[in-house]
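Work through the exercises below with the sequence and the model open side by side. Try each task before you read its solution.

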Amino acid sequence: MQALILAGGKGTRLRPLTVHTPKPIVPICNRPFLLYQIEMLRRAGITDITLSLSYQPQKIEQLLGDGSAFGVKLRYTVEPQPMGTAGAFKFAEDLIREQTVVLNGDILTDLDLAAVIRQHNERQALATIVLTPVDNPSSYGVVETDEEGRVLRFIEKPNIDEVSVNTINAGTYVLEPRVLDLIPTGENYSFEYGLFPDLLRRNEPFYAHIPQNTYWLDIGTPARYWQAHDDLLNDRVGRMRISERRGKFEATNAEIDERSIIADDCVLKSGVEIINSVLGQGCYIEEKARIENSVIWPHTRVSTGAHLSGAIVGRGCHIGRFAQVGRGAVLGDKTSLADYTQTGGQL
């Protein structure tokens, strides 16, 4: 088995966090996001992984290297221009020799990939698409299947009266190498609008896998980026558990709840309160500052008496004395807030 992770997006919905950090390696609980997907592949016994990159690829390669530190073999392709999801798969053709799992590079899930692959093989499928149920499928493209799991049709953002199912494309596929012959070379071509409708027209063995009790989240917006943290902090992601929540840091009469994560080299002064939050490496939190339901990236300084609630703060920021940073605030790297600043929603 091989795997291809589609990690070329610019992450525009996550700006300003992705201005200097490619979306595939934004930190989730102080770990680059791609490591969660790599771990999922490893659990299924897949260690031959190719990353399809486009935006700031050198930063991703520099961070992850050849993958040996994570127990896998990583290779990279860099698209010369946006190729689309299926086009990126075709562009990596020289590296693909066998059955391949393809992942969208912005999905946090605890999917049992081994079960998906097993069902794919039992059905002798050419392609398998993983589906996930959602509460409001009219915001997505829904996928209809028959009783045996064969894909029947795709309906993009249907009206309420058109919705007959609530299962949407979960961004995970198992594909046989023969699929590559059906994708045009050098074109921008998508799975959703190009390849998959073509498979249906050709009446190829194209099936869906609908897992039960599986966590699934697109992390592509600030609200969902925070939700991923909150779910992990509170052990809501079934097959994922945070094993280490405390690095080596200095704390003097600070109050830290058991859920929060504090990285190495942080300094927490007297009277600091940390509640359901994540602090990256080297953060400096001054006296009586309060941080709750927030994510703070490395080397940020929070001054005396500041209050952050529901905020996401990038690298190397400075939060002034008694500033109030409320719900929904997203601060890019090296942001500086003056003393007594108020921003974001209600605390």
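## Exercise 1: A glycine in a loop

G84 sits in the loop between β5 and α3 (85-91); helices (H or I, at least four residues) and strands (E, at least two) are DSSP runs, numbered from the N terminus. The model is predicted: local features need pLDDT of at least 70, side-chain atom pairs count only at pLDDT 80 or more, and totals for chains, interfaces and linings use all residues. Residues are numbered from 1 along each chain as its sequence is written, and side-chain values use heavy atoms, with hydrogens and water left out.

Task: Is G84 buried, partly exposed or exposed, and which residues is G84 in contact with?

Solution.
1. Take the cut-offs: buried means under 20% relative accessible area, exposed over 50%, partly exposed in between (1.4 Å probe, protein chains only).
2. G84 has a relative accessible area of 25%, so G84 is partly exposed.
3. Contact means heavy atoms within 4.5 Å. Leave aside neighbours within four places in sequence; G84 then contacts E79, N188 and Y189.
4. Now go to L6. L6 and G84 lie 78 residues apart in sequence, but their C-alpha atoms are 9.5 Å apart in space.

## Exercise 2: The strand that holds L6

Task: Find which residues of β1 are buried on each side, and which strands pair with β1.

Solution.
1. Count the buried residues in β1 (residues 2-6): 5 of 5.
2. Sort them by side. Q2, L4 and L6 are on one, A3 and I5 on the other.
3. Apply the pairing rule: two strands pair if DSSP finds at least two bridges between them.
4. β6 (residues 100-104) runs parallel to β1, joined by 5 bridges. There, L6 has N104 as its bridge partner.
5. β4 also pairs with β1 in the parallel sense, over 4 bridges. I5 faces L51 in that strand.

## Exercise 3: One face of a helix

Task: Why do the buried residues of α2 line one face of the helix?

Solution.
1. List the buried residues of α2 (residues 57-64): P57, I60 and L64.
2. Look down the axis of α2. The buried residues fall within an arc of 65°, so they line one face; the arc is that of the directions from the helix axis to the C-beta atoms.
3. Find the cover. It includes α1 (34-43), β4 (48-53) and β5 (73-78).
4. Check what follows. Just after α2, G65 has a positive phi of about 60°.

## Exercise 4: Two cysteines

Task: How many disulfides are there, and how far is the sulfur of C266 from the closest cysteine sulfur?

Solution.
1. Set the rule: a disulfide is a pair of cysteine sulfur atoms within 2.5 Å.
2. The sulfur closest to that of C266 belongs to C283, at 4.7 Å, so it is too far for a bond.
3. C283 is likewise in no disulfide. The count is 0.
4. Check burial. C266 is buried at 1% relative accessible area, and C283 is buried at 1% too.

## Exercise 5: A histidine in a strand

Task: What does the side chain of H209 make a polar contact with?

Solution.
1. Locate H209 in strand β12 (residues 206-209).
2. Its relative accessibility is 9%, so H209 counts as buried.
3. Define a polar contact: a pair of N or O atoms within 3.5 Å; within protein, one must be able to donate a hydrogen and the other to accept it, and residues adjacent in sequence count only if both atoms are side-chain atoms.
4. The partner is the side chain of Q119, at 2.7 Å.
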